[in-house]
Amino acid sequence: MKTLRTSALAALTLGAMVGTAQAETVTVGMITTLSGGGAGLGVDVRDGFQLALDMAGEHSIRLVVEDDAQRPELAVQIAERMVQSERADILTGIIWSNLAMAVVPSTVAQDIFYISPNAGPSPLAGANCHPNYFNAAWQNDMLHEAAGQHANVLGYENTFIMAPNYPAGTDALTGFKRYYEGELAGELFTQVGQTDYAAEIAEIRASGADSVFIFLPGGMGISFMRQYEQSGVDLPIVSAGFSFDQDVLPAMGSAALGVINTSQWSPDLDNAANEAFVSAFQQAYDRLPSLYASQGFDTANLILSALSSADISDSDAFRDALRAADFASVRGNFSFAPNHHPVQTVYVREVVEVDGVLTNRIIGTAFEEHRDVHGENCNM
């Protein structure tokens, strides 16, 4: 990683992004995906998190990063090592919901805080919520609910829906259907990590659909979109931002142009925190930030804000400080619902080309002050 110039760092560090007031070193264990088809997501979460520490001039957080290789059993082993050997105070970083379900419950039961920068499986927002678990990104359903709502606005009446068969995929299709008012031309669960979508595209072609909704993050989305473009099927696609963000757009190329997707963040959001983040990220890493990078950045600043007013050894005080979310989020207005999941605006974006680079631009708003439906089952 390139080091930010001192002058740029001073100019871009925001007053709300303060460092910790406590002198003791706090260990944060980051378990994330740094290899395989989902590596781009984990790399961006890691880089966004590290950038926030760099911009705050933070030296009292010890960040330990390990690659889970998208394997639940490995993630569990790493979590145990982080807690037992590294004496981690906080765990974070997991991208995939099946890994989160394997790691989070046992982690928080040990009085360790887990703060998610991405995965938001529905059980952890509902019946299995926990005082030590916070999600700084979204609950899985949220962006897909917005996609379903916007499909109605676009006039789609017979949509074919598809997602990988794991907890986030189930939440994706459930969320889309919760707000979508039309008929379903078909509903498919694919394999996690799948690379060949010929059979699925043939089924879409024969379905009579007027549109397609997909949730295929990382390499899965790249493979699908390349094959979809080559197939000649020209049905419009609506999706959530996970499948059409900066981590995959360069590899998708022209196949992604014009795709409508929904997200709580976009590089063109007009607020001071986001402008500083996008500029600093490009300077530090020579690329545009993604949704995942923005979530890593916000997660780090959430932790820093809590540490600035509470000692982590006082769990109740630190928990209250996290709930306050007293930091300048790159997404704009943001707060926690009682189940420790975000209340936030969800935007409608379109994939466009700017100066030869594919990116997203906001074209509307799907929801304001939106929260997940699972909080009613949380008894904290």
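This is a predicted model: local features need pLDDT of at least 70, side-chain atom pairs count only at pLDDT 80 or more; totals for chains, interfaces and linings use all residues.

Q: Can you give me one of them? What does Asp47 pair with?
A: Asp47 forms a salt bridge with Arg287, and their closest N and O atoms are 2.8 Å apart. Asp47 is in helix H2, while Arg287 is in the loop between helix H11 (272–285) and H12, so the pair ties together parts that are 240 residues apart in sequence.

Q: Switching topic, what does the domain assignment give?
A: It gives domain 1 as 2–138 + 269–336, and domain 2 as 141–263 + 346–377.

Q: How far apart do the C-alpha centres of the two lie?
A: The C-alpha centres of domain 1 and domain 2 are 26 Å apart. Domain 1 puts 22 residues into the contact and domain 2 puts in 26 residues.

Q: And how much area do they bury between them?
A: Domain 1 and domain 2 bury about 1700 Å² between them, with 69% of it on carbon and sulfur atoms.

Q: Which helices supply at least two residues each on the domain 1 side?
A: Helix H2 (39–55), helix H4 (97–109), helix H5 (122–125) and helix H12 (291–307). The largest share of that side comes from H2, with three residues.

Q: What's that side like by class?
A: The side of domain 1 that touches domain 2 has 11 nonpolar, nine polar and two charged residues.

Q: Back to salt bridges: how many are there between domain 1 and domain 2?
A: The count between domain 1 and domain 2 is zero salt bridges. For polar contact, the count between the two domains is four residue pairs, both residues at pLDDT 80 or more.

Q: Zooming out, how many helices and strands are in the protein?
A: The protein has 13 helices and 13 strands.

Q: And what's the radius of gyration?
A: The protein has 20 Å; a compact globule with 380 residues would be near 21 Å, so the two agree. Along the principal axes, the C-alpha atoms fill a box of roughly 65 × 45 × 35 Å.

Definitions and conventions:
Residues are numbered from 1 along each chain as its sequence is written. Side-chain values use heavy atoms; hydrogens and water are left out. Domain bounds come from an automatic or database domain assignment. Contact means heavy atoms within 4.5 Å. Buried area is the accessible area (1.4 Å probe) that two parts lose on being put together, summed over both. A salt bridge is a side-chain nitrogen of Lys or Arg within 4 Å of a carboxyl oxygen of Asp or Glu. A polar contact is a pair of N or O atoms within 3.5 Å; within protein, one must be able to donate a hydrogen and the other to accept it, and residues adjacent in sequence count only if both atoms are side-chain atoms. Helices (H or I, at least four residues) and strands (E, at least two) are DSSP runs, numbered from the N terminus. Ala, Val, Leu, Ile, Met, Phe, Trp, Tyr, Cys and Pro count as nonpolar, Asp, Glu, Lys and Arg as charged, and the others, Gly among them, as polar. The radius of gyration is taken over C-alpha atoms; the globule rule is 2.2 Å times the number of residues to the power 0.38.
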